[in-house]
Each structure stands twice: as structure tokens, then as C-alpha cells.
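Subject: Structure handover

Hello,

Here is the structure I said I would pass on. Please open it alongside this message; my notes follow below.

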Amino acid sequence: MNRDGNSPERRRFLQALGAGAFAAAGCSSSCAGKQPQQSAPATGQATSSVTTAATRTEAARVVAAGGKPRVVVVKARRALTQGYDADRGALGAMLEAGLLALAGEKDAARALASYVRAGERVGLKINGLAARQAATHFELVDELSALLGKADIEPRQQIVFDRFKRDLTESGFGANRRDGYRCVGNDEAGHEEEIALMPSSASRLARVLTRQVDGVINLPVLKQHMLSGMTGALKNNFGCIHNPNKMHLYKCDPYIAEVNAIPAIRDKQRLVIMDALRPVVEGGPSYQPGAAEVANLLLFATDLVAIDTVGLGILEDLRAKRRLPPLDKEGLFPTHLATAGKLGLGEADRARIDIVEIEV
Amino acid sequence: MLSRRGFFLTCGGCAVAASAGSLGGRRALAGGAPRAFPARFWKKLPGKRVECQLCPKHCQVDDRERGFCGVRENRGGEYFTLVWGQPCAVHVDPIEKKPFFHFRPGSRAFSIATAGCNMECKCCQNWDISQSRPEDVDFHFMPPDEVVAMAKGYGACVTFTYSEPIVFLEYCIDTAKAAHKAGVAATMVTGGSGEAAPMQEVLEHLDAIKVDLKGFDEDYYRRLCKGELKPVLKTLEVIARSGVWLELVHLCIPGQNDGEKEIRAMCRWVKGHLGRDVPLHFTRFHPEYQMKNVPPTPNATLIRCREIGMAEGLRFVYTGNVPGLSGEDTICPSCGKTVVARRGFELEGMHIKNGRCEFCGFGIPGVWS
């Protein structure tokens with residue numbers, strides 16, 4: 001894998017991150033809306049917002065195969081109010097900027113409509129394992145839910161899901177949020193009886209995924225992981241199967257990649273919004289006091305491998321800031337990214353990713 | 001969920017079905033919440049992590065996560081078993097089904113299993129339960145005393161089987177203790193991938209154990225079972241030293257673990273490390289789970305494996321899963337006469353008295369009464 005961890009652009013970006021003064025490739029928050037025009041959108045949304053989701057998926061594949069997939073990194077000066085509570089205003093602005101930059105639209109709802117179409121049932125796959133301290137921020141989901149509403153996805157058509165009801169509840173996703181979206185644990189809805197076969201393993205898919213949603217917005221949390229090296233968009237899909245515990249051997253490789261290659265999972269991925277407001281940089285995936293680092297970042301992409309590859313760079317830099325060794329020095333370099341790349345699931349070569357950085 | 005009475009009433013006869021795949025009907029995979037009981041055989045690690053010491057995987061488990069087996073969970077830095085007293089499969093089988101051929105032939109085995117396994121064999125016939133978590137299957141609360149009482153009622157021994165008893169070892173130990181207290185025998189069917197200390201503890205309370213020696217090649221264990229061979233061999237040596245009656249099964253999968261060289265090496269190891277009197281069963285593979293594309297084992301393979309075993313000096317080598325195929329009977333090593341005649345799980349003739357061949361008086365190793 002080409003980690004390309006020292007490119008001048010990346011170094012500048014990360015230096016700015018570390019200094020707290022985010023360099024947005026010469027773009028201030030006031031011109032965030034113009035950012036998409038700087039390079040071609042990753043998903044070919046020169047088409048109108050009436051593009052169907054199926055068409056969108058095809059378009060995403062074509063562009064990803066022929067050009068660079070785009071990952072948009074949005075930084076806010078301050079996205080957290082205190083502790084792990086998030087500032088809804090800041091999140092709203094970040095969401096809007098990220099979606100516009102990713103989709104090349106002028107309106108956030110229209111941008112979302114590039115990935116999900118009116119009337120669809122949309123799954124919001126959060127990561128609730130570490131409870132409120134290090135789960136996907138519910139404030140982010142609330143803001144996204146509001147935008148989905150504007151894109152004609154009614155709240156009742158929005159389903160937040162994860163492995164356990166317990167994890168949802170303890171992450172702030174109660175039975176039904178006041179905003180109206182539904183919250184369902186896989187332990188409540190169950191799993192398919194038929195097994196999904198992979199080259200190295202087998203599993204059963206969550207019924208929420210197979211029966212209750214047409215497409216998924218993947219909402220991982222950026223975290224170091226004691227077994228796989230990192231957790232991001234790809235590993236978040238372990239929450240779509242019934243036996244992820246069986247998939248943690250050998251640094252989860254090739255299991256993470258193979259799970260993401262299951263058609264029922266792969267074909268429903270529409271968009272990834274990675275919560276890197278406060279990544280867990282050591283001791284993950286659970287939350288350990290003092291193990292999270294405020295970064296005030298959200299990442300946007302349609303390519304799960306690309307967004308994780310960019311996320312890895314951010315994670316490594318945050319670790320370096322703490323004088324923690326690189327993951328490969330700890331025997332924890334996430335090799336699953338390269339495996340996923342080889343399976344054609346996305347781009348694992350950072351040099352071949354169009355990284356757009358925005359500050360709001 | 002059924003009431004306990006209803007649960008058993010639905011089973012009828014001697015088949016006390018609980019759930020799961022071939023053993024009964026599995027309901028939609030959204031079970032109730034299992035009860036958590038403090039687990040044993042683990043140690044604390046920094047940051048609310050734990051390390052399980054039940055099996056060689058030594059899973060380091062983060063808070064709120066589970067180990068590979070899926071049935072042991074870290075809750076705030078304490079480790080819990082979610083399957084103690086909660087079997088998902090309960091059945092009365094002939095002891096020959098386990099298979100035990102030298103342990104009380106013709107008797108019954110009150111067989112229980114919980115969800116979970118510390119391996120994932122691509123050929124698993126009970127994958128419905130072994131590869132499931134407790135909440136994925138129907139289960140019932142059945143503490144040790146109740147297991148023993150039911151086994152006694154059927155005149156059966158208690159057998160921990162179907163999935164992997166090592167992952168519910170605390171339950172096995174407590175139940176086996178209760179069984180012995182009540183004068184009921186306790187047996188186990190396992191893949192043998194356990195750490196020495198917990199295995200030694202459970203062996204103190206067992207009367208017989210059958211181990212699946214799935215292959216004799218590390219790559220095979222890793223590739224097809226998500227396991228390791230070496231710890232299994234260690235366990236076998238622990239068992240051999242314990243004096244608990246031991247039988248071995250080798251499931252012959254065409255093209256995977258049935259090569260002559262491997263079979264011969266395995267037989268030599270068994271003879272050298274466990275002794276020539278340990279029964280070794282070569283059983284027929286049936287396409288299942290992730291190996292539906294592999295054909296069943298040809299009879300000729302089983303016969304050839306048996307011949308290799310005998311040629312290597314093992315005295316009790318059997319074929320299995322093919323009723324009527326030669327190799328099911330126990331032959332007296334001294335006079336060459338059939339001392340136990342079998343067809344499948346059926347006992348057709350018994351000529352062992354007080355542990356000796358009725359024809360020549362030769363002592364036949366095993367537990368015969």
C-alpha cells in the first residue's frame with residue numbers, strides 16, 4: 001500500500017490541523033460553496049438531482065474506476081461545545097459544506113438527493129459501540145436527518161441502526177428520536193437465516209439492511225482499533241452482520257474487505273460521512289479517558305476505502321502529535337485497506353484520491 | 001418464548017429439542033437477551049480490557065465487546081459468560097452418535113449445547129448454533145441440577161456436544177459436578193482447542209471425552225477452521241494423562257485432509273502420544289455450511305484411512321457416518337472376533353463381559369458398564 005504519508009500537500013494540511021488554524025487550500029469558509037468547482041465531482045453528478053439512486057451507484061463506480069475518488073475533509077474551528085457534546089450550528093455548516101463539495105451541487109438537499117432519492121428508506125449506520133463518549137454524534141445525525149427531510153426522505157423513512165439496542169440507547173439514540181427518525185438495534189430486528197458466503201468466512205446479514213432500507217449512509221467514527229489498526233467506514237459495516245467476533249483474527253484481514261464485498265452491503269452504500277470530531281487515537285475501539293483528540297473534522301466520500309485511507313492519515317498525525325508510534329510500529333497497520341482496494345471496493349492509494357479540504 | 005413446560009412438551013418422546021438448525025427449528029434470528037454470569041478463566045488488562053484464558057485464542061476483549069466465540073462479554077472490565085445454564089439444543093441421542101464406541105455401548109446421552117464456538121469450521125454441521133450468538137437462537141434456562149435430573153430421568157449420561165463445550169466450560173464444570181454427585185456420568189464432545197488449566201479442571205469431572213482431530217496440518221486448521229492444530233495436540237496429551245476415556249474422530253474431507261501422508265502421520269502421532277488403544281473414527285463428510293461444493297467422502301477413502309490406522313498399529317480404528325460399511329464393529333485384538341457389532345447408531349451384538357472379550361477373555365479397553 002502506498003501510504004504517501006509525507007506529501008507536501010498532506011503535510012501542510014496536517015500541520016495546519018495541528019496548529020489549529022486549518023488551511024483550506026486557499027479557500028475560506030466564505031468560498032466553501034465554490035469548492036466543488038475546483039475539480040470534477042467524484043460521482044459524476046453533472047446530472048440533475050432526479051438521478052436515480054441506482055444510476056448514481058453506477059455513476060460512482062464509473063468515475064471511481066476512471067478518475068480519482070473524492071474525499072472532502074471539512075474542519076470547523078469549534079464543533080464541540082464541551083466534552084463530547086457537539087455544536088449543532090457548526091455541524092449543520094460542516095454538513096452543508098461537505099455535501100456541496102462532494103456532490104457539486106449548490107444546495108445541500110439537492111446534494112443529498114444525489115445519493116438518495118425521494119421516498120427511499122435510508123439506513124443510517126452509526127457506530128455506537130463506545131457509547132456517548134466516542135460514538136457517532138447524535139447531533140450530527142439530527143442535522144443530517146433534517147437535511148434528508150428536505151430531500152424528501154421523511155423521518156419515518158430514516159432508520160438509524162447498529163448491532164445492539166443497548167449501544168444505540170447509550171449513544172443517545174433512543175427508541176425514536178424527537179426528530180422522528182427510527183432507531184433499531186440488529187438484536188431487535190434480527191438477522192437473515194440464510195448465510196452470506198465469503199471466501200474466508202460466512203455470516204448472516206442484518207435484516208435492517210436487507211429488508212428495511214434501500215440505501216445506507218455510513219456514519220463511522222474515526223478510531224484506532226486494538227485489533228484492526230483503525231476503524232472507519234469499512235469496519236463500520238461489521239455492524240451489518242451477526243458474527244463480527246469471528247472476523248477479528250489476523251487484524252480483521254481479509255474479513256473487513258470481504259464483508260464489504262458482500263453485494264447486499266456493497267450495493268447499498270450511498271454515502272459516507274465520517275465523524276472525526278473527536279477521534280479515538282489510542283486504546284480504541286472503546287473509549288478510554290484521555291484517548292480522544294479533538295479534531296473538529298467531518299469527512300465525506302462515496303468511496304469507503306478512500307475515506308478510510310484519508311482517515312488513516314489523520315489518525316496517524318493525531319497520534320504523532322501525542323508522540324505515539326505509527327500504527328505499523330505497533331504491528332497494527334490496517335492492511336485491510338489494501339485488501340479492500342484489491343477487491344475493487346475503492347481506492348487505497350492516497351496519491352490517487354482527490355482530497356478537498358474546507359474550513360467552515 | 002415458550003414456558004419451560006411448553007418447551008419440553010413440544011419435544012415429545014425422547015427428543016428434547018430446543019432449537020437450532022438440524023436439531024430443531026430456529027426462529028427468526030432475534031432472540032431474547034441472555035443472562036450474564038461471571039465467567040472464569042480470564043484476567044484483567046489495563047483500560048477495562050480483559051484477556052480470555054479459556055482457549056488458545058486468548059482474545060483480548062475491549063469493554064462492551066465479545067471474544068471470538070461470541071458468548072463471553074466484557075462489561076466494564078469484568079468478563080461474563082452469556083450461556084451458563086442456557087442451552088439452545090437439548091436432545092437424547094444414542095451414545096454411538098457422539099461417537100463413543102468404547103463407552104457404555106447402547107446407552108443414551110442427554111446432550112446439551114449452547115450457542116458459540118471458538119473455531120469456525122467451513123464444514124460445520126451445527127453451524128446454526130455454533131456460529132451464532134446466544135441471542136440469535138432459542139434458548140432456555142436450564143441450570144445444572146435440572147440437566148442432571150432430566151438425564152437421570154432418561155437413564156442417560158450428560159453429554160456436552162453439538163457446538164463447542166469449551167466456550168460454555170463453566171456450565172460444563174458445574175453440570176458435570178452435579179452429575180457425579182447424582183451418580184450420573186458426564187461426557188464431552190469437543191474440538192479440543194482449550195487451554196490446559198480449564199481443560200484439566202473439567203476433566204476432573206468427566207467420564208469420557210471425544211475430540212475432533214480435524215486434520216494434522218496447521219494450514220488446514222487455519223484455513224478451514226480458524227483454529228490451530230498445536231493446542232489441540234496439547235489438549236490431547238493432557239487428556240491422555242488424565243485417565244479420562246478418550247476417543248478421536250477425524251472427519252475426512254475429500255481433497256482437504258484425507259491425504260495418505262497426513263493420515264499416516266496423524267495415526268503415528270496418536271499411537272506415539274496417546275497410545276494404541278485410543279479409538280480413532282474416520283467419518284464421512286457431508287456437504288454443509290461453507291463446503292456445499294465439496295462431495296461427500298467416498299467409502300473407499302474411509303476404508304483406506306482405516307487400513308492406514310490399523311497398519312500403523314492402532315488397535316481400534318473405525319469408519320463412521322456410513323451405516324453398513326465395514327469398520328463399525330469392535331474387533332478383539334487377540335482372537336479377531338467381533339465383540340461389539342454395530343450398524344450406524346444401532347447396537348447389534350455385545351460380547352464384552354466385565355470388560356473382557358467373551359470369546360477369549362482379552363481385556364478390551366473402554367468403559368463398558
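Leaving aside its neighbours within four places in sequence, which residues is Leu206(B) in contact with? In this predicted model, they are Phe160(B), Ala176(B), His180(B), Ala186(B), Thr187(B), Met188(B) and Val244(B).

Nonpolar cores

Leu206(B) is also one of the residues with the most contacts inside the largest nonpolar core, together with Phe110(B), Ile209(B), Leu236(B) and Phe282(B). That core has 98 residues. Helix α4 of chain B, residues 169–181, gives the largest share of the core, 7 residues. Both domain 1 (1–28 + 84–211) and domain 2 (213–328) of chain B supply residues, so the core lies between these two domains. As background, nonpolar side chains in soluble globular proteins tend to be buried together.

Aromatic pairs

Over all chains, the count comes to 16 aromatic pairs. One of these joins Phe37(B) and Trp84(B), whose ring centres are 4.9 Å apart with 50° between the planes, a tilted arrangement. The two residues are 47 residues apart and belong to distant parts of the chain. Phe37(B) is in strand β1 (residues 37–38) of chain B, while Trp84(B) is in the loop between β6 (78–81) and β7 (89–94) of chain B. Phe37(B) has 21% relative accessibility and therefore counts as partly exposed. Trp84(B), at 16%, counts as buried.

A further pair is formed by Trp42(B) and Tyr79(B). Their planes meet at 65° and their ring centres are 6.2 Å apart, so this pair is edge-to-face. Because Trp42(B) lies in strand β2 (residues 42–45) of chain B and Tyr79(B) in strand β6 of chain B, the pair ties together parts that are 37 residues apart in sequence. Tyr79(B) is buried, with a relative accessible area of 2%.

Phe37(B) and Trp84(B) also belong to a cluster linked by ring pairs, which includes Phe141(B), Phe160(B), Phe168(B) and Tyr171(B). Phe160(B) is one of the contacts of Leu206(B) listed above.

Charges over rings

Phe141(B), a member of that cluster, has the charged end of Arg35(B) sitting over its ring, 3.9 Å from the ring centre. There is another such arrangement with residues from both chains: the charged end of Arg222(B) sits over the ring of Tyr250(A), 3.8 Å from its centre.

Regards

Methods: Residues are numbered from 1 along each chain as its sequence is written. Chains are lettered from A and ligands numbered from 1 in the order in which they are written. This is a predicted model: local features need pLDDT of at least 70, side-chain atom pairs count only at pLDDT 80 or more; totals for chains, interfaces and linings use all residues. Side-chain values use heavy atoms; hydrogens and water are left out. A nonpolar core is a set of buried Ala, Val, Leu, Ile, Met, Phe, Trp, Tyr and Cys residues joined through side-chain atoms within 4.5 Å. Buried means under 20% relative accessible area, exposed over 50%, partly exposed in between (1.4 Å probe, protein chains only). Helices (H or I, at least four residues) and strands (E, at least two) are DSSP runs, numbered from the N terminus. Domain bounds come from an automatic or database domain assignment. Contact means heavy atoms within 4.5 Å. Rings of Phe, Tyr and Trp (its six-membered ring) pair if their centres lie within 6.5 Å; planes under 30 degrees apart count as stacked, over 60 as edge-to-face and the rest as tilted. A charge sits over a ring if NZ of Lys or CZ of Arg is within 6 Å of the ring centre and within 35 degrees of the ring normal.
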